[in-house]
Amino acid sequence: MADRREPLHLIKSRRDSALATLVSGVPYLAWLGIRFDRRGDELTAILPYDEKLIGNPLLPAIHGGVTAAFLEVTAIIELAWAGLWEEMESGRIVPDAAVDSAMPRLPKTIDFTVDYLRSGLPRDAYARARIVRSGRRYASVQVEAWQDNRARLLAQATGHFLMPQG
Amino acid sequence: MPQGPDLTDRDQTRIAQQFIEAIPHARALGMRVDALGEGTATISMPWAEHLVGDPRSGVVHGGVVSALMDTCCGAAVMSHPAGPASTATIDLRIDYMRAARQGQRITATAECYHMTRTVAFVRAIALDEDDGNPVAAATGAFTVEG
């Protein structure tokens with residue numbers, strides 16, 4: 001069980017550094033500019049607008065592939081984070097980018113289906129993933145992305161993932 | 001993409017390449033139009049370090065494959081003889097059969113196999129340099145506008 005009297009700043013820095021280590025290990029996330037905001041164990045992915053994300057320069061609109069990538073990244077990080085959280089909070093591991101074995105292995109996408117609900121505006125986008133079912137081998141994840149209004153979804157997706165073994 | 005009987009295949013591919021280069025994200029990924037037919041398209045892109053999704057294996061992120069598949073499917077819709085003025089993705093499903101190898105070019109080929117007045121149905125396949133063994137497959141529905 002977690003220590004109730006553990007100083008708050010230590011708890012926060014442990015969680016924040018675990019998340020930062022997880023996210024900074026993936027070059028593609030840095031290239032797209034994706035960041036994660038954390039509230040307890042809840043993550044919100046943030047995709048800051050950038051000109052290179054545009055798929056239709058006339059409207060302009062964000063590329064559908066970028067929207068799909070953003071949703072898939074959010075699902076994968078959520079799954080890895082959920083696994084990491086258990087290990088970290090129980091004190092079994094201390095995530096460290098310098099130590100390969102101390103970093104969680106990432107789940108692999110089996111399939112991913114994106115529903116495009118609105119055209120992506122040239123502004124920041126946000127996403128949250130929900131693990132619908134996570135077994136030892138397979139996981140099913142649902143993801144939603146939005147821009148200005150949480151209730152007006154940009155896109156939603158469902159994906160199946162192969163969980164890392166061992 | 002303008003079409004006409006006076007355009008050779010090479011002219012059409014060149015025009016398609018200009019069209020792709022006007023899309024900032026396609027340009028950022030280094031996409032190249034390899035072929036364009038009546039409702040079909042082949043687009044490829046190089047492997048790059050900054051596109052890696054799993055640093056342990058050097059495999060590009062699935063999102064990169066999504067962007068290539070989406071662009072290629074859209075190009076197949078636009079090259080359909082019905083000549084839509086524009087298109088947008090309604091839904092796209094991607095099956096990832098295996099990881100694309102580090103350092104290898106990825107090539108997607110899409111076919112718009114049915115088109116109504118309002119919807120285009122597309123399927124696509126992605127290969128790396130081991131072209132007997134697909135990396136991913138996609139199926140999608142696209143809007144038909146104009």
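This is a predicted model: local features need pLDDT of at least 70, side-chain atom pairs count only at pLDDT 80 or more; totals for chains, interfaces and linings use all residues.
1. Ile11(A) sits in helix H1 (residues 8-24) of chain A; helices here are DSSP runs of H or I with at least four residues, strands are E runs of at least two, and both are numbered from the N terminus. With a relative accessibility of 15%, Ile11(A) counts as buried, where buried means under 20% relative accessible area, exposed over 50% and partly exposed in between (1.4 Å probe, protein chains only).

2. Residues are numbered from 1 along each chain as its sequence is written, chains are lettered from A and ligands numbered from 1 in the order in which they are written, and side-chain values use heavy atoms, with hydrogens and water left out.

3. The length of H1(A) agrees with expectation, because its 17 residues at 1.5 Å a residue should span 24 Å and its end C-alpha atoms are 24 Å apart; the expected span is 1.5 Å times one less than the number of residues. Buried residues of H1(A) are Ile11(A), Arg15(A), Ala18(A), Leu19(A), Thr21(A), Leu22(A) and Val23(A). Their cover includes helix H2 (27-32), strand S1 (35-39), strand S2 (42-47) and H3 of chain A, contact being heavy atoms within 4.5 Å. Ser17(A), also in helix H1 of chain A, counts as partly exposed at 38% relative accessibility. Ser17(A) and Val94(A) are 77 residues apart in sequence, and their C-alpha atoms are 9.6 Å apart in space.

4. The peptide bond from Leu59(A) to Pro60(A) deserves a check: it is cis, with omega near -15°. Pro60(A) is placed in the loop between S3 and S4 of chain A.

5. Arg92(A) belongs to the loop between H3 and strand S5 (108-116) of chain A. At 56% relative accessibility, Arg92(A) counts as exposed. Leaving out residues up to four places away in sequence, Arg92(A) touches Glu86(A) and Glu87(A).

6. In chain B, helix H1 (residues 9-21) has 13 residues, which should span 18 Å at 1.5 Å a residue; the end C-alpha atoms are 18 Å apart, in agreement. Gln12(B), Thr13(B), Ile15(B), Ala16(B), Gln17(B) and Ile20(B) are the buried residues of H1(B). Helix H2 (24-28), strand S1 (32-36), strand S2 (40-45) and helix H3 (62-78) of chain B are included in what covers them.

7. H3(B) is mostly covered, with 17 of its 17 residues buried. Apart from neighbours within four places in sequence, Gly62(B) is in contact with Glu72(A) and Tyr96(B). The C-alpha atoms of Gly62(B) and Ala99(B), 37 residues apart along the chain, are separated by 8.8 Å.

8. The largest nonpolar core has 90 residues, of which Tyr28(A), Phe36(A), Trp81(A), Phe112(A), Leu51(B) and Met69(B) touch the most other members. Helix H3 (residues 64-89) of chain A gives the largest share of this core, 15 residues. A nonpolar core is a set of buried Ala, Val, Leu, Ile, Met, Phe, Trp, Tyr and Cys residues joined through side-chain atoms within 4.5 Å. Not counting residues up to four places away in sequence, Met69(B) touches Ile94(B), Ala108(B), Ala124(B), Ile125(B), Ala126(B), Ala136(B), Ala137(B) and Ala138(B).

9. The lining of the largest pocket has 32 residues, with Gly55(A), Asn56(A), Leu59(A), Thr87(B) and Ala88(B) nearest its centre. Elements giving two or more residues to this lining are strand S3 (54-56), strand S4 (61-62) and H3 of chain A, together with H1 and H3 of chain B. The largest share, five residues, comes from H3(B). A pocket is an open set of points on a 1 Å grid over the protein atoms alone, where a 1.4 Å probe fits, with protein on both sides within 12 Å along at least five of seven lines; lining residues have an atom within 4 Å of a point.
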